[in-house]
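Dear colleague,

Please read the notes with the coordinates open beside them.

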Amino acid sequence: MVLECLDTGMFNSNCYILGNNGEGVIIDSGVEPDEIISVLDKNKLIVKFILLTHGHIDHICFVDKLRDKTGAKVLIHENDSKKLIDSVSNGSIFFGLNSSFEKADGFLKDGDEIEVGGIKLEIIHTPGHSSGSICIKVGDKIFTGDTLFKMGRGRTDLSDGNEMEIFASIKNKLLVLEDKTLVFPGHGDETTIGAERVFY
Ligand SMILES: [Zn+2]
Ligand SMILES: [Zn+2]
């Protein structure tokens, strides 16, 4: 399985590229599409989906360009779908960008399973950082967006963030996973569920 992380975008968010058997999936879109496409070309991957862990600008800023260049379908949780078209709730207005994007091609919900090149991706709804935040479990790995970081978690003071919800999401949806589960966050270095468990 191909797994690459790019973090060279203007907001230093992590963009993950997963692939297998010639098919690929991109998690978040905060990196220049040309850089993503060179990884896809190198690994001979056709992208089926762009999965957005949530709708904040640092994770969606290149989503339209990336969809145009790859033809992939953009999927997000319905609770964060409005952020694509609203520069206030996606936070871009606070960076003086006033960015809005095309609507998503479809919605993700808790328990959904997506298959790409034989890789199974399980969607886990983890509200708190935003109400439509999701994590994506792939075997013994989990992509946590801005819900769980190495030695931290996402802020909850943005539009629809909720402190109680993020604690509940982490405790009930993430810390129930095995200690050895590898965590790939939306910012910063990877960690494990076992290493983060000590903080809760
Ligand atoms: Zn965020
Ligand atoms: Zn972020």
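F184 counts as buried, because its relative accessibility is 6%, where buried means under 20% relative accessible area, exposed over 50% and partly exposed in between, with a 1.4 Å probe and protein chains only. This is a predicted model, in which local features need pLDDT of at least 70 and side-chain atom pairs count only at pLDDT 80 or more, while totals for chains, interfaces and linings use all residues. Residues are numbered from 1 along each chain as its sequence is written, chains are lettered from A and ligands numbered from 1 in the order in which they are written, and side-chain values use heavy atoms, with hydrogens and water left out.

A search of the whole structure gives 5 aromatic pairs; rings of Phe, Tyr and Trp (its six-membered ring) pair if their centres lie within 6.5 Å, and planes under 30 degrees apart count as stacked, over 60 as edge-to-face and the rest as tilted. One of them is edge-to-face, because the rings of F11 and F95 have centres 5.0 Å apart and planes at 70 degrees. This pair links distant parts of the chain, 84 residues apart, with F11 in the loop between β1 (2–6) and β2 (15–20) and F95 in the loop between α4 (78–81) and β6 (106–108); helices (H or I, at least four residues) and strands (E, at least two) are DSSP runs, numbered from the N terminus. F11 is buried at 17% relative accessibility, whereas F95 is exposed at 52%.

The rings of F143 and F184, with centres 5.2 Å apart and planes at 20 degrees, form a stacked pair. F143 lies in strand β10 (residues 141–145) and F184 in strand β13 (residues 182–185), 41 residues apart. F143 is buried, with a relative accessible area of 1%, and ring pairs link Y16, F143 and F184 into a cluster.
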